[in-house]
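Work through the exercises below with the structure open. Try each task before reading its solution.

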Amino acid sequence: MTELQETASPEVATHGPKPVEGAGRAYRNARSVVKHLVLIAVSVIMIYPLLWLLVSSFRPTDVIFRTPGLWLNDLITSNYTGGWTALAQPFGHYIVNSAIVVVGAVAGNLFACSMAAYAFARCRFRFKTLWFAVMLITVMVPVHVVLVPQYILFNNLGWVNTFVPLILPKFLATDSFFIFLMVQFIRGIPRELDEAARIDGCGHGRIFLRVMIPLMGPALATTAIFTFIWTWSDFFTPLIYLTDPNAYTVPVALKQFLDATSGSNWGAMFAMSIVTLVPLFVVFLFGQRFLVKGISTTGGK
């Protein structure tokens, strides 16, 4: 009897829990399917305005707001050809203006914010903690607070209606967010590398250029990507400082398609909006892996 129990017990132990495991696996699969369906539904809701913008760019202006769906009855491309030449200058002229501002802003932030971050993270000077706190406080200061003093300053210098007010502040390390981001990244880099460089006779300048800059790739890429996106999409600052239509950047130029006193060319504006979104998608597509590395602020290797 005992031998029968011993012989039967492994079989019971082997075959008994299988229905429970099968039910658990089925439950996990069902939960995974439901979770993915919910995520897909939410994604469709979030991306619907962009899809509607894309579809509407191929519709006549008088049909755009009468058809909220995504189905195209008649596909036209005149919005793109007409919108490209509808303003005082071809739309490529405004894209070039935005590209000039973006390149200057990216170069300024990479140059100034990286040096400021190295100073806060590695150098020793009086009241460093106080100045770092002041720098962080400026993150919480609304841009509208300093708008009037800045405009008066640039106007007295004769720089209004030029790209200088849009680019020069970047070379003065005015974007505290990127300084803080790089400071956190540099703090993750082992100090032994600095000490080894000092033994070889390097000062702060050579340590910064030959040790820190190569290791700060993810943080620098993150700064460049965010600066590109924010500057390319900025409407308020160019609207304040640029009064000559030939100097308009892309967001201000898009506003010219709308007229409060007469008919607005919505089709052309939607078409040019799609054109201006292409650089943002390309930059984000190729730079998203650097964003993850940079925001995680893990500089050690």
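**Exercise 1. Overall make-up**

How many helices and how many strands does the protein have? Then state how much of the chain is buried.

Solution. Keep in mind that this is a predicted model. Step one: count the elements. The protein has 15 helices and 0 strands. Step two: turn to burial. Of the 301 residues, 33% are buried. Step three: look at contact range. Take the contacts between residues at least 6 apart in sequence; 71% of them join residues at least 24 apart.

**Exercise 2. A helix pair**

Describe how helix H10 (residues 191-199) packs against helix H11 (residues 204-215).

Solution. Two packed helices are described by the angle between their axes and the distance between the axes. Start with the distance: the axes of H10 and H11 come within 10 Å. Next, the angle: these axes cross at roughly 140°. Now classify it. Roughly antiparallel needs an angle over 145 degrees. H10 and H11 are therefore oblique to each other. The hand of their crossing is right-handed.

Then list the residues that meet. H10 contributes Leu 193, Asp 194, Ala 197 and Arg 198. Facing them from H11 are His 204, Ile 207, Val 211, Met 212 and Leu 215. Sorted by class, the contact of H10 with H11 holds 6 nonpolar, 1 polar and 2 charged residues.

**Exercise 3. The nonpolar cores**

Which residues have the most contacts inside the largest nonpolar core?

Solution. The largest nonpolar core has 32 residues. Phe 91, Leu 254, Phe 257 and Met 272 have the most contacts inside it. Now assign elements. Helices H2 (18-56), H5 (91-122), H7 (143-156), H12 (217-233), H14 (250-255) and H15 (266-296) each give two or more residues to this core. H15 supplies the largest share, 7 residues.

Zoom in on Leu 254. Beyond its neighbours within four places in sequence, Leu 254 is in contact with Phe 91, Met 269, Met 272, Ser 273 and Thr 276. Finally, look for a second core. A separate one has 26 residues, including Cys 113, Phe 120, Met 135 and Met 216.

**Exercise 4. A loop residue**

Is Thr 249 buried or exposed? Locate this residue and name what it touches.

Solution. First, the location: Thr 249 is in the loop between helix H13 (236-241) and H14. Next, accessibility. The cut-off for buried is under 20% relative accessible area. Thr 249 has 4% relative accessibility, so this residue counts as buried. Last, the partners. Leaving out residues up to four places away in sequence, Thr 249 touches Tyr 94, Asn 97, Ser 98, Val 101, Pro 238 and Leu 242.

Key. Residues are numbered from 1 along each chain as its sequence is written. This is a predicted model: local features need pLDDT of at least 70, side-chain atom pairs count only at pLDDT 80 or more; totals for chains, interfaces and linings use all residues. Side-chain values use heavy atoms; hydrogens and water are left out. Axes are lines fitted to C-alpha atoms, for helices over the stretch in contact, and angles run from 0 to 180 degrees between N-to-C directions. Helices (H or I, at least four residues) and strands (E, at least two) are DSSP runs, numbered from the N terminus. Angles under 35 degrees count as roughly parallel, over 145 as roughly antiparallel, 65 to 115 as roughly perpendicular and the rest as oblique. A crossing is left-handed if the near helix is turned anticlockwise from the far one by less than a right angle, and right-handed if clockwise. Contact means heavy atoms within 4.5 Å. Ala, Val, Leu, Ile, Met, Phe, Trp, Tyr, Cys and Pro count as nonpolar, Asp, Glu, Lys and Arg as charged, and the others, Gly among them, as polar. A nonpolar core is a set of buried Ala, Val, Leu, Ile, Met, Phe, Trp, Tyr and Cys residues joined through side-chain atoms within 4.5 Å. Buried means under 20% relative accessible area, exposed over 50%, partly exposed in between (1.4 Å probe, protein chains only).
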